[in-house]
Amino acid sequence: QVQLVQSGGGLVQPGGPLRLSCTAPGSFFSAYNLGWYRQAPGKQRELVAAVSSGSSTDYIASVKGRFTISRDNAKRTVYLQMTGLKPEDTAVYYCNTQPPQWGWGPGTQVTVSS
């Protein structure tokens, strides 16, 4: 079981920013394609953004232009910079490989509300 360390969630007003971080152990971090996923109440978990081992990125349509995924292999960390947050972005956010190979941790809550 990979122990992921996530941080950066919280409560933010609509239009505000948040930055999520996820650090993973292991010597082969740089070889993985990585993703940020989210699960809103009553909905299935979905892939929000992905970054390949070569740092190519992809996003779902609803976050394109607002979210940026990046990685720092030296720190074994993947980031999700979120701007222009909307109430519909409220969810528990998780990092994992893409497709998921690691176990799911507790995630980090992001709540967008005024």
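The largest cavity in this predicted model is lined by Cys22, Ala24, Phe29, Leu34, Val78, Cys95, Asn96 and Trp102. Of these lining residues, 7 are nonpolar, 1 is polar and none is charged. The space inside the largest cavity comes to about 30 Å³, and the structure holds 1 cavity of 30 Å³ or more. Rolling a probe the size of a water molecule over the atoms shows where empty space is left.

Two of the lining residues, Cys22 and Cys95, also form a disulfide, with their sulfur atoms 1.8 Å apart. Cys22 belongs to strand E3 and Cys95 to strand E9, so the link joins distant parts of the chain, 73 residues apart. A disulfide is a covalent bond between the sulfur atoms of two cysteines. The link of Cys22 and Cys95 is right-handed, with 45 degrees about the S-S bond. Cys22 has a relative accessible area of 2% and is therefore buried. Cys95 also counts as buried, because its relative accessibility is 2%, under the cut-off of 20%.

In soluble globular proteins, nonpolar side chains tend to be buried together. The largest nonpolar core here has 27 residues, and those with the most contacts inside it are Trp36, Phe67, Ile69, Val78, Leu80, Met82 and Tyr93. Among the elements that give two or more residues to this core are strand E3 (18-23), strand E7 (67-72), strand E8 (77-82) and strand E9 (91-97).

Leaving aside residues up to four places away in sequence, Phe67 touches Arg38, Val48, Tyr59, Leu80, Gln81, Met82, Thr83, Leu85, Asp89 and Tyr93.

Notes
Residues numbered from 1 in each chain as written. Predicted model: local features only at pLDDT ≥ 70, side-chain atom pairs only at ≥ 80, totals over all residues. Heavy atoms only, no water. 1 Å grid on protein atoms, 1.4 Å probe; cavity = no way out; pocket = protein on both sides within 12 Å on 5 of 7 lines; lining within 4 Å. Points joined across faces, edges and corners; volume = space filled by probe spheres on them. Nonpolar A, V, L, I, M, F, W, Y, C, P; charged D, E, K, R; others polar. Core = buried A, V, L, I, M, F, W, Y, C linked by side-chain atoms within 4.5 Å. Buried < 20%, exposed > 50% of the residue type's maximum accessible area, 1.4 Å probe, protein only. Helix = DSSP H or I, 4+ residues; strand = E, 2+ residues; numbered from the N terminus. Contact = heavy atoms within 4.5 Å. Disulfide = S-S within 2.5 Å.
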